[in-house]
Amino acid sequence: MSTYPEDRPTPPEGPVAAQAWEQQIAAYDLALQLAGKSPHTRSAYRRDLQALAALQPGPAPAALTAQHIRLAVARLHAKGLVGRSLARMLSAWRGFFDWLIEKKQTVANPCQGIRPPKKPKTLPKALPVDAANALLDAPADPEDELALRDKAMFELLYSSGLRLSELTGLDLDDLDLAEGLLTAHGKGSKTRILPIGRQARAALEEWLAIRPAAPGERAVFTGKSGRRLSGRQVEKRLEQWALRHGSDRHVHPHMLRHSFASHLLQSSGDLRAVQELLGHANLSTTQIYTSLDFQHLAKVYDAAHPRARQGKAKGPCSDEEA
């Protein structure tokens, strides 16, 4: 059913429609220029509108319906455009049709209420258990006086699942090495008590024996100046440590937290306990690690279950099968 008044001429189609698109995009661009929009913004809007026009070889702009817009979004998504790009394009299209309404060239905005596809939830990247062990078991560089500090930091990130801000925010008063516990100061001024693993405790004791400290500095992890480390300094040191010891991937502090959660869940299966240790307010935040756990289980199944191995070439087992 048409949304156009009966006394309005039928919108053109075919080559005439293509001309209408060209003229109206140019007129809208002029309106944006008069409104003070930057050349960069105007160029982006033109590209987005031209992309829509290319997907609509038949109807002119004023004849488009919500179904046309949904189809255009679907086609662009199939070509590989992600939700963020499609959201930007929809915003540009919505503005164009609002302008057409103001110019009384149409009476409804076909983009109204249409949302881009949701961005697929990406799984956090975790190290395999053997890669985490290899990284942390690597010997500290004897020529680097701060290597003991680095080893203590990385052991603690993996041992206790700390956020980077929680690590750099640790004060001496937050440690209870005798009991193997620490107090982490998390998001929203919330605190939680966490265990310190045996190897992390040993590394901390070695570091604290040589820790430089400026007058009054209570930070656990300090630099040569004796002042508290920044998060960026920790990131750089971990990246250098991983490269020095042959890691084939970019390792960052949050990856050690992800690895802590994933490996603990694989071993225990206790989602609630992992939630408490990570300091997540909602269980749904922690549940993403179950996907990692299922990936691990799927690999084990594919490698070990007799029915999963059907169809593979008979004969000596491959390394993967063994």
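Is Glu166 buried or exposed at 2% relative accessibility? In this predicted model, Glu166 counts as buried. Its partner in a salt bridge is Arg163, with N and O of the two side chains 2.6 Å apart. Arg163 is likewise placed in the buried class, its relative accessible area being 10%. Both values fall under the 20% limit that defines a buried residue, and the pair therefore counts as buried on both sides.

The overall composition of the chain provides the setting for this pair. The protein chain contains 13 helices and 3 strands. Of its 322 residues, 39% are buried. The accessible surface of the chain amounts to about 18800 Å², and carbon and sulfur atoms contribute 52% of that area. Among contacts in the chain with a separation of 6 or more, 59% are made by residues 24 or more positions apart.

Charged side chains were examined next. Across the whole structure, a search identifies 12 salt bridges. One of these is formed by Arg237 and Asp150, whose closest N and O atoms are 2.6 Å apart. Asp150 has a relative accessible area of 2% and is buried. Arg237 is also buried, at 19%; this value counts as buried because the class takes in residues under 20% relative accessible area.

A further salt bridge joins Asp171 to Arg228, with 2.7 Å between the closest N and O atoms. This pair, too, links distant parts of the chain, since its residues are 57 residues apart. Asp171 is located in the loop between helix H7 (164–168) and strand S1 (175–176), while Arg228 is located in the loop between helix H8 (198–208) and H9. Asp171 counts as partly exposed, at 24% relative accessibility. Arg228 is partly exposed as well, with a relative accessible area of 34%. Salt bridges with shared partners also connect Asp144, Arg149, Asp150 and Arg237 in one network.

The packing of two helices was also considered. Helix H2 (residues 39–54) and helix H4 (residues 83–102) have axes that come within 9 Å and cross at roughly 85°. H2 is therefore roughly perpendicular to H4, because angles of 65 to 115 degrees are assigned to that class. On the H2 side, the residues in contact are Tyr45, Asp48, Leu49, Ala51 and Leu52. These meet Arg88, Met89, Ala92, Trp93, Phe96 and Phe97 of H4. By residue type, the contact of H2 with H4 consists of 9 nonpolar and 2 charged residues, with no polar ones.

Beyond these helices, a feature of the backbone concerns Lys104. This residue is found in the loop between H4 and helix H5 (129–137). The phi angle of Lys104 is near 60°, which is a positive value in a residue other than glycine. With a relative accessibility of 66%, Lys104 counts as exposed, because that class begins over 50%.

Technical notes: Residues are numbered from 1 along each chain as its sequence is written. This is a predicted model: local features need pLDDT of at least 70, side-chain atom pairs count only at pLDDT 80 or more; totals for chains, interfaces and linings use all residues. Side-chain values use heavy atoms; hydrogens and water are left out. A salt bridge is a side-chain nitrogen of Lys or Arg within 4 Å of a carboxyl oxygen of Asp or Glu. Buried means under 20% relative accessible area, exposed over 50%, partly exposed in between (1.4 Å probe, protein chains only). Helices (H or I, at least four residues) and strands (E, at least two) are DSSP runs, numbered from the N terminus. Axes are lines fitted to C-alpha atoms, for helices over the stretch in contact, and angles run from 0 to 180 degrees between N-to-C directions. Angles under 35 degrees count as roughly parallel, over 145 as roughly antiparallel, 65 to 115 as roughly perpendicular and the rest as oblique. Contact means heavy atoms within 4.5 Å. Ala, Val, Leu, Ile, Met, Phe, Trp, Tyr, Cys and Pro count as nonpolar, Asp, Glu, Lys and Arg as charged, and the others, Gly among them, as polar. Accessible areas come from the Shrake-Rupley method with a 1.4 Å probe; for residues, only the protein chains shown count as cover.
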